[in-house]
Amino acid sequence: MGPILLLIIIVVIAVWVVSAYNGLISLKNQTVNAWKQIDVQLKRRHDLIPNLVNTVKGSMEFEKDTLQAVVDARSKAMASGGGGAAGVKETAAAEGALTGALAKLFVVMERYPDLKSSQNVRDLQEELSSTENKIAFARQLYNDVATSYNTKQQQFPTNLVAGLAKAEIAELWEIEDKAEREVPAVDLSLKKPQG
Amino acid sequence: MTAGANLFEQQAKNRRLTVAWLVLFILFFAWLGFGGDLAIYLAAAARTEGQIPYRFPWIGFVVTTIAAVTAWVSWRKGPQQVLWSTGARELTTPQTFEEKQLVDVVEEMAVAAGLPKPRVYVIEDDDPNAFATGRDATTACIAVTTGLLKVVNREELQAVVAHEMGHVRNLDVRLMTLIAALVGVIVVLSNGMGRMLRGSGGLLGGRGRKASGPLLGAAAVVFVLWLITLILAPFISRIMAMAVSRDREYLADATGAELTRNPGALASALEKIETHEAPTTHIKEGAAHLCIADPLGRDVNLKEGRLADLLATHPPMAMRITRLKGMAFQQLKAAGKLPTA
């Protein structure tokens, strides 16, 4: 009776270790994948900005500073990007600055009615603000997945196999810039005209 | 994370329900087919006074085969048929600004849910409404009416699409497609067999020797039960399907709010859908239970109560709006941004 009981206990423990290990690996891959989704959207934004700047440059002679700020923030963000999950904080800061600069540009653009009524600008603005939204939602998903990954590897008893799965705490993408938090308010300009 | 836990619970519940429905239907078809055979068999046994002749249970086999084939076909083709019945057209290359915005919003919600982008459809209909269908996330389709595009703003459109994305993520679309396929088979079979019975009446009739005894009694009981199931099956299966769809609306509202983190937008979208209600021209009964709001404007959906619980495909709109506003209030409270007025 003794050896059989021992065998059963060993099998149960082995099954648990395998499933806990696999669960952690699955969450780890989900975290990495969620980060990649943010990256895709960030690249898309980088690609769209020169288009927007070129389109509005002519009509916004007097707003050179605002435009230049966007261009600068973009090159800074591009330089800091692609660092993988390791450089979350750095990327977050640079991209947050770019979001802020873009929001400012959108506010300034409101002062140019002919610019706003141009179909081309409207399309570009919709595309950019959609990309902004996608960045925000991709970040939301990343933070959610990373949080459950972090919780899992710290919780008992899963933390016992965390070393085996080479699990490390994933850094969250926090919004530190206060200006960026208020971006949704700026988006009001993008609402469809009623009626 | 409680939201995540809820999601997995719901997915698991939907998987269990899917299996339960399949088992129930298999049993039901077995009864529908082999029960008929049993009645005939018992009747024959009664006629021959205990000498039981061998009979191939052909009703059972025919019914099972037809049911399996039809269910399989409508499981594979169901989503396309639903879209086709509403005259929806797929948006592959958006032309207008509104269409572009719709595609953008769907892409945003797919990113938020971490799922592949569903295919987007537009229905030319003034009644503001939307629905999702498909078998899983990779075959999912989201359809909205032109009426909806007209009345809601971008935020509200996002909320509606998030609600539909919730149906996709919670695997509601799979369950609903399966149920629609199975209910369809029941209705077809029940109608077909009813007609067959009328055509070739007297299967149990006593040709030859006069039959009697307990075996004939048993045959009669089985036959009556069988007939009752045949007649009631379409109604019962529809009522069950409605109950399943009704439960899922609250949950999709919650999932939608979780995706956008903006329950207030869905509340105001639902209010607009309610007030801009127009007679629907394209959404037929077959797609009604999939929609975000009941397109047929049935009064029964407005009430809470036992009858409403039985017949409505959607929970009362006022109830849903109240719950969403409650969520929005909690969100504001948590963020410390409550208006002081």
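Predicted model: local features only at pLDDT ≥ 70, side-chain atom pairs only at ≥ 80, totals over all residues.
User: Which helices of chain B are included in what covers the buried residues of H8(B)?
Analyst: A residue is buried if 20 or more other C-beta atoms, placed from the backbone, lie within 10 Å of its own, exposed if 12 or fewer, and partly exposed in between. In H8(B), the buried residues are Pro263(B), Ala265(B), Leu266(B), Ala267(B), Ala269(B), Leu270(B) and Ile273(B). Their cover in chain B includes helix H5 (154-169), helix H7 (214-260) and helix H11 (317-335).

User: Is Thr280(B) buried or exposed?
Analyst: Thr280(B) sits in the loop between H8 and helix H9 (285-288) of chain B. Leaving aside neighbours within four places in sequence, Thr280(B) is in contact (C-beta atoms, placed from the backbone, within 7 Å) with Asp125(B), Asp127(B) and Pro295(B). Because 23 other C-beta atoms lie within 10 Å, Thr280(B) counts as buried.

User: Is Ala79(A) buried or exposed?
Analyst: Ala79(A) belongs to helix H2 (residues 64-80) of chain A, and its C-alpha atom is separated by 12 Å from that of Ala93(A), which is 14 residues away along the chain. Since there are 11 other C-beta atoms within 10 Å, Ala79(A) is exposed.

User: What percentage of the 195 residues in chain A is buried?
Analyst: Chain A has eight helices and zero strands, and along the sequence its pattern reads α-α-α-α-α-α-α-α. Among its contacts with a separation of 6 or more, 79% join residues 24 or more positions apart. Of the 195 residues in chain A, the buried share is 29%.

User: Which element gives the most to the side of chain B that touches chain A?
Analyst: The contact takes 18 residues from chain A and 13 residues from chain B. On the side of chain B, these are four nonpolar, four polar and five charged, where Ala, Val, Leu, Ile, Met, Phe, Trp, Tyr, Cys and Pro count as nonpolar, Asp, Glu, Lys and Arg as charged, and the others, Gly among them, as polar. With eight residues, the element that gives the most to this side is helix H3 (residues 97-113) of chain B.

User: Which element gives the largest share of the side of domain 1 of chain B that touches domain 2 of chain B?
Analyst: The domain assignment of chain B, whose bounds come from an automatic or database source, gives domain 1 (6-81 + 179-231) and domain 2 (84-173 + 244-334). Nine residues of domain 1 are in contact with twelve residues of domain 2, and the side of domain 1 has four nonpolar, five polar and no charged residues. The largest share of that side, five residues, comes from H1(B).

User: Where does the nonpolar core of 102 residues lie, and which helix gives its largest share?
Analyst: A nonpolar core is a set of buried Ala, Val, Leu, Ile, Met, Phe, Trp, Tyr and Cys residues joined through C-beta atoms within 7 Å. In the largest one, of 102 residues, Met109(B), Ile142(B) and Ala143(B) touch the most other members. Domain 1 and domain 2 of chain B both give residues to this core, so it lies between them. Its largest share, 13 residues, comes from helix H6 (residues 172-199) of chain B.

User: Which element of chain B has the highest mean pLDDT?
Analyst: The mean pLDDT of chain B is 80, with 84% of its residues at 70 or more, although pLDDT stays under 50 over residues 1-5 of chain B. Among the elements of chain B, helix H10 (residues 306-311) has the lowest mean, 60, and the highest, 95, belongs to strand E2 (residues 119-123).

Key. Residues numbered from 1 in each chain as written. Chains lettered and ligands numbered in written order. Contact = placed C-beta atoms within 7 Å. Helix = DSSP H or I, 4+ residues; strand = E, 2+ residues; numbered from the N terminus. pLDDT = per-residue confidence, 0-100.
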